Amino acid sequence: MGLRRYLGLFGFLLVAVSGLVCQAASAATRVALVIGNSQYRNVPQLANPDNDAAAFAQTMKQAGFDVVDARHDLTGADMRRALRDFGDKARNADMAVIYYAGHGIEVEGTNYLIPVDAALQRDTDVYDEAVSLDRVLVAVESAKQLRLVILDACRDNPFNKTMKKVSMRSVGRGLAKVEPTSPNTLIAYAAKAGSTAADGDNKNSPFTDALVRHIATPGLDVRKAFGFVRDDVLKVTNNRQEPYVYGSLGGEDVPLVPVKAAPSAVAPVADARVDVRRDYELSLQLGTRAAWDTFLKSYPTGFYADLAKGQIDKIRAEDARLAATAKARETAEEKARLAAEGAKQGEIAKAAAVAKTAEDARIAAEQAKRIKQAKVDAAEQSREAAERAADTQVSKAEAATSNMQARGPSQAGAPASSSAPSASQAPAQQTASLSPAAEPVAQPALSAVEINKSVQIELRRVGCFNGSADGEWGKASRLSLENFNRHADAKLDVKVASLDTLGVIKSKTARVCPLICRHGYKADGDACAKITCGEGKVLNDDNECVARKERKVPSASRERDNRRPRRAGRSRFNDELDAPQAAAPRLPSRASAKPEQGGVVCDDHTCHPIKRGCRIEFRTTAQGGGVLGGGSNVEICH
């Protein structure tokens with residue numbers, strides 16, 4: 001074999017082996033075990049752990065984990081078997097993750113996970129029926145780069161009322177603080193040690209809901225991801241629940257999901273996006289229809305052309321909104337004018353129908369404008385993210401080029417770091433990151449029903465809405481938003497829910513509307529508690545406990561009078577005449593009586609006005625008064 005042929009073959013083998021080594025180094029093995037215990041047999045069941053475990057398992061599968069072992073409602077034996085099997089899978093892995101949602105307990109500073117068949121009749125049963133956190137850590141300790149345990153188990157002890165204390169061991173609230181002894185190990189709690197976590201009102205707990213949003217972000221360091229989770233949970237729970245992470249990692253970023261490398265270019269390609277990017281930003285500053293039309297004439301297709309078309313759609317929606325608003329105002333003024341001038345009812349009704357149609361068109365135009373605005377905002381966020389990524393790639397390429405130049409000619413042939421692209425590849429990577437095929441996909445704008453539902457959920461969070469978040473913006477929702485305006489000193493439009501309304505309500509971190517309880521209940525934090533009065537006291541109309549009043553028993557004679565049947569043909573007026581004379585109004589004596597000025601006097605048959613200069617005196621039947629009742633008032637004239 002000739003020397004030249006030998007060297008050629010050796011070079012080919014060197015390149016092939018290098019490629020295989022780089023490929024093996026970049027393909028990190030990641031495994032995950034996910035456990036959700038909801039169907040407890042001896043204590044009340046939990047609603048969310050099964051849903052939380054399913055959501056986290058799906059997130060890990062989408063993140064490209066090599067193994068995702070999802071288990072639900074495990075007994076003690078099943079949990080130990082699952083941990084043993086997972087330990088075998090994690091033995092050669094770079095990253096090993098265990099997620100657990102369910103009940104947990106802390107005894108004498110040691111944390112235990114509770115299987116679904118645990119009874120825990122005595123405090124010492126925890127050693128036999130539960131699984132310690134130390135056993136969980138053993139299952140991940142062989143991973144090379146990251147050992148991660150996530151516990152959404154910081155709930156109240158469900159066995160607290162039934163567990164017998166047969167020893168001096170203390171059973172704490174929530175989970176105890178832990179310090180991992182193995183390096184590169186993190187243990188994440190849904191709530192800080194010694195406190196409890198909430199299950200929440202939604203399908204998932206607040207902790208897991210935030211976790212699946214951030215933990216699998218490509219390129220995001222796992223510690224920073226848990227920082228974002230902490231911020232979201234604090235906001236949702238009004239600072240009542242704070243997730244916490246124990247353990248430490250080194251100085252390098254450790255993302256759970258690495259960033260996918262952009263495909264390398266075969267040949268150097270000049271970055272043709274510099275000019276279009278500059279012109280787009282100039283048109284964005286002007287923000288007029290004419291500016292965008294000019295931009296599209298120069299760049300009719302491509303990534304930035306699509307963004308420009310979205311900006312034009314937004315301007316059209318705003319023009320339509322302004323026209324609809326003006327039309328609604330004109331029709332309302334015409335309706336008011338006809339009513340003020342006393343026009344015919346038919347004309348007023350016709351004007352009212354036209355005004356209503358115009359108002360509906362205004363509301364629809366307002367909603368369409370908000371949807372277009374949301375789409376443009378999402379597209380702009382994607383553009384800025386893509387441009388930042390492209391700038392970062394260019395910076396790395398420039399740094400790699402500088403390092404190669406610093407090595408000198410003797411090392412020019414050495415392979416560059418796999419983490420930095422070559423200078424010739426940088427423009428191509430920048431172009432690819434901004435192209436429609438590789439750009440971040442903009443999230444679709446929220447529909448009207450989704451906006452309504454989100455606003456209803458936020459109104460319920462701040463205490464202004466107690467209905468169901470069904471996405472229907474009806475009378476109850478409008479009244480709730482009016483209540484929010486009144487207590488938050490806001491001026492939001494209650495006729496239609498909007499993204500602006502959603503943002504204003506989300507900015508409120510505490511209850512806005514006061515808690516109003518029905519009669520018999522009083523406010524106790526964020527809930528209504530029943531009022532219980534002590535012995536001998538009753539609850540009055542003002543929700544106050546007052547002394548009970550004894551009922552007066554009527555006399556026997558009064559009861560007989562009440563029970564006496566009324567004679568046929570007699571009216572209540574006759575009964576009043578039959579009443580004892582002492583109960584009648586006291587009349588002045590004849591000597592002191594003065595002439596009545598007006599009035600009416602009645603005998604047994606009729607009534608007539610008192611004559612001028614006459615007066616009224618009471619006379620018995622013998623004295624000339626009425627027969628009925630033994631006397632009556634008579635008219636005395638002199």
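Buried residues are those under 20% relative accessible area, exposed ones lie over 50%, and partly exposed ones fall in between (1.4 Å probe, protein chains only). By that definition, Tyr280 is buried, and so is Tyr304. The structure is a predicted model, in which local features need pLDDT of at least 70 and side-chain atom pairs count only at pLDDT 80 or more, while totals for chains, interfaces and linings use all residues. Residues are numbered from 1 along each chain as its sequence is written, and side-chain values use heavy atoms, with hydrogens and water left out.

**Overall chain**

- The protein chain contains 17 helices and 17 strands, where helices (H or I, at least four residues) and strands (E, at least two) are DSSP runs numbered from the N terminus.
- Of its 638 residues, 35% count as buried.
- Contact means heavy atoms within 4.5 Å, and among contacts in the protein chain between residues at least 6 apart in sequence, 62% join residues at least 24 apart.

**Packing around helix H6**

- Helix H6 (residues 206-214) and helix H7 (residues 222-236) have axes that come within 9 Å and cross at roughly 140°; axes are lines fitted to C-alpha atoms, for helices over the stretch in contact, and angles run from 0 to 180 degrees between N-to-C directions.
- That angle makes H6 oblique to H7, given that angles under 35 degrees count as roughly parallel, over 145 as roughly antiparallel, 65 to 115 as roughly perpendicular and the rest as oblique.
- On the H6 side the contact is made by Pro206, Phe207, Ala210, Leu211, Arg213 and His214, and on the H7 side by Ala225, Phe226, Phe228, Val229, Asp232, Val233 and Val236.
- By class, this contact of H6 with H7 has ten nonpolar, one polar and two charged residues, with Ala, Val, Leu, Ile, Met, Phe, Trp, Tyr, Cys and Pro counted as nonpolar, Asp, Glu, Lys and Arg as charged, and the others, Gly among them, as polar.
- Helix H2 (residues 49-62) also packs with H6, at an angle of about 5° and with the axes 10 Å apart, which makes H2 roughly parallel to H6.
- Asp52, Ala55, Phe56 and Thr59 of H2 meet Thr208, Leu211 and Val212 of H6, a contact with four nonpolar, two polar and one charged residues.

- Ala190 lies in the loop between strand E8 (185-189) and H6, and with a relative accessible area of 0% Ala190 is buried.
- Leaving aside residues up to four places away in sequence, Ala190 touches Leu151, Asp152, Cys154, Ala197, Phe207, Gln241, Glu242 and Pro243.
- Ala190 and Arg230 are 40 residues apart in sequence, and their C-alpha atoms are 8.8 Å apart in space.

**Aromatic pairs**

- The whole structure holds ten aromatic pairs, a pair being rings of Phe, Tyr and Trp (its six-membered ring) whose centres lie within 6.5 Å, with planes under 30 degrees apart counted as stacked, over 60 as edge-to-face and the rest as tilted.
- The rings of Tyr280 and Tyr304 have centres 5.3 Å apart and planes at 50°, so this pair is tilted.
- This pair links distant parts of the chain, with Tyr280 in helix H8 (residues 273-286) and Tyr304 in helix H10 (residues 303-340), 24 residues apart.
- Phe295 and Tyr299 form a tilted pair, at 5.0 Å centre to centre and 45° between the planes; Phe295 counts as buried at 3% relative accessibility, whereas Tyr299 is partly exposed, with a relative accessible area of 22%.
- Ring pairs link Tyr280, Trp292, Phe295, Tyr299, Phe303 and Tyr304 into a cluster.
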